[in-house]
Amino acid sequence: MSLRESPFPNGFTEALHTLGWGLVFPCFWLLDRLIAVCISTSLERNRRREEECYLHPLKVFFGFLLFLLLFIISTPFAFLGFLLWAPLQLARRPFSYRHQVATVELENRNVGWEEAGKVTFGFVTANLCLLPDGLARFNNLGHSQNRALAIGQSIVQGVSRPHIRILIDSPSSCGTLSPSISLLPQSGSTTYGATDAQMQAGADEQTVEVLDGELPKASTCDGASVHAAGSQQPAMWNSNQNSNQQGSRGRRNPPRALRTLGKAGDTPLEVSTLFPANVDIVCLEEVFDKRAAAKLTEALGSVFGHILYDIGDYACQPCGTCSSFKFFNSGLFLASRFPVLEAQYHCFPNGRGEDALASKGLLCVKVQIGLEKGERKMVGFFNCTHLHAPEEDGAIRCEQLDMVTQWISEFQTVTRQQDEMVVFDVLCGDFNFDNCSPDDRLEQNHSLFNDYRDPCRAGPGKEKPWVIGTLLQQPTLYDENVKTPDNLQRTLEDEELRKVYLAPPVAQGSAALVYPEPGEPWVGRRLDYLLYRESTLTDQCRTEVEEFTYVTQLAGLTDHIPVGLRLNVTL
């Protein structure tokens, strides 16, 4: 069964909604600009100091007066639009759907799955803080529209590259190499967050000659040569770059060894300057701004043919479904290479404070893999959520985890068919609690973690030694050590730098925080989760983690570290 693209049952209702929102939007936009003109990001303040610009107070004063005047003028029209827009939300399905034919073909990693007896799937989740510009500035992030476009282009750039892992032949300390960002076409410069240096390789790295479209076998340590893993062909130079990108005679910076890539206990992991190649499903959080969602949809549509956006309820909903009037959607955004067969959204009814203004909840989807084993079609279940934010409200998050468990079970019971073979069941999102803070002990011991496996978790309140926190310190987002993908990658690999730039654990009440315990590494707050389970899969299916990835490609564009998970499913 295919989903209807419009969230409204007919064109007339959709037209009325468009008219109502068209009357509301100018007032909404002017209020956003009114806030944005008064708040600067640390990057903008630093630039003004460097440029010795003293006119900013005048800009703020006159800008505030102008936007305030226009806001007052637009208010009567917004009120009329609101009277038309709000009642129509009762007829609206809580998500929009876009289907288009992908124009960028990704590598099919499941070719020959019958002989191999297994299939592989890749997932990514990221919190983008794409609020309206004025509100995003409270998190030291601005220019939401520009960031949305750059983020979309970055995701496409990363996931559409060839899946190449460069290995060292000798067992030396050099470890494994990762494809450098310099081997891929570079996006244009930006002026709103990430700097031009974000897309450049470090100047201190040694250059290497690239001839005839081939990355040569290079000696990286004593007797160690480099080759592309899983392929008889050498890693190839991307010939689509122009002469300015390639430089004189094609000299480029080589890939850099990653100390953190390799078998870490039971999980292979990587800190990568690029999104993982050939990702199948991307889940994004905090895409609250509708125009930003439209830009993401346009950018990702070239790779992901099935996109759910503008997810969540607005205005007042029936009693028991939402806690209060909703000014914002859930912020969830899902892009899938697989056709979406079923989708269902639930709004949490227990939000409070400023978090209750957004329609946070759970999105459940069932996707069609496009493969069959005998008479059975392969499908997968994918669930994403964004839990309550205030740190002190652990009991509310636990209630929401209870709802997540119940709603997923109900969705799968209703939508699962006898002739289907379930090959993955994944839950991801921003849970707004970590596994190291004493203040989060209630959530850390929730029964959900007995059902779903967390590849980063050693137990309640204890992370595996290789784990890295995913929440950046907002005041330092544009410091030299974290403002480019390469620099952020180095920072995440260095424990002392992580202490400076990642958010630390939260103490319980007034108790002194002792962290980390003696002999344990400093991790930081990991709020972004990718979980999976086997208990709901078809009996003979077994799952193992092929790779877990921390992604630094969005340095300067968001305050979270995106994470990726690749699963191998043995049939």
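Colleague: Which helix does Gln444 lie in?

Modeller: This is a predicted model. In it, Gln444 lies in helix H10, which covers residues 441-444.

Colleague: Is Gln444 buried or exposed?

Modeller: A residue counts as buried when its relative accessible area is under 20%. Gln444 has 3% relative accessibility, so Gln444 counts as buried.

Colleague: Which residues does Gln444 touch, leaving aside those up to four places away in sequence?

Modeller: The residues touched by Gln444 include Phe433, Asp434, Asn435, Cys436 and Ser437. Phe449, Arg457, Pro460 and Gly461 are also among them.

Colleague: What share of the protein's residues count as buried?

Modeller: Of the 571 residues, 58% count as buried. The protein has 13 helices and 20 strands.

Colleague: How do I read the contacts across the chain?

Modeller: Take the contacts between residues at least 6 apart in sequence, then look at how far apart the partners are. Here, 78% of those contacts join residues at least 24 apart.

Colleague: Which residues make the nonpolar surface patch of about 690 Å²?

Modeller: The patch is made by Leu19, Leu23, Phe77, Phe79, Leu80, Phe82 and Leu83.

Technical notes. Residues are numbered from 1 along each chain as its sequence is written. This is a predicted model: local features need pLDDT of at least 70, side-chain atom pairs count only at pLDDT 80 or more; totals for chains, interfaces and linings use all residues. Side-chain values use heavy atoms; hydrogens and water are left out. Helices (H or I, at least four residues) and strands (E, at least two) are DSSP runs, numbered from the N terminus. Buried means under 20% relative accessible area, exposed over 50%, partly exposed in between (1.4 Å probe, protein chains only). Contact means heavy atoms within 4.5 Å. Patches are made of residues with over 30% relative accessible area and no salt bridge: like charges are joined within 9 Å, nonpolar side chains (Val, Leu, Ile, Met, Phe, Trp, Tyr) within 5 Å. Accessible areas come from the Shrake-Rupley method with a 1.4 Å probe; for residues, only the protein chains shown count as cover. A salt bridge is a side-chain nitrogen of Lys or Arg within 4 Å of a carboxyl oxygen of Asp or Glu.
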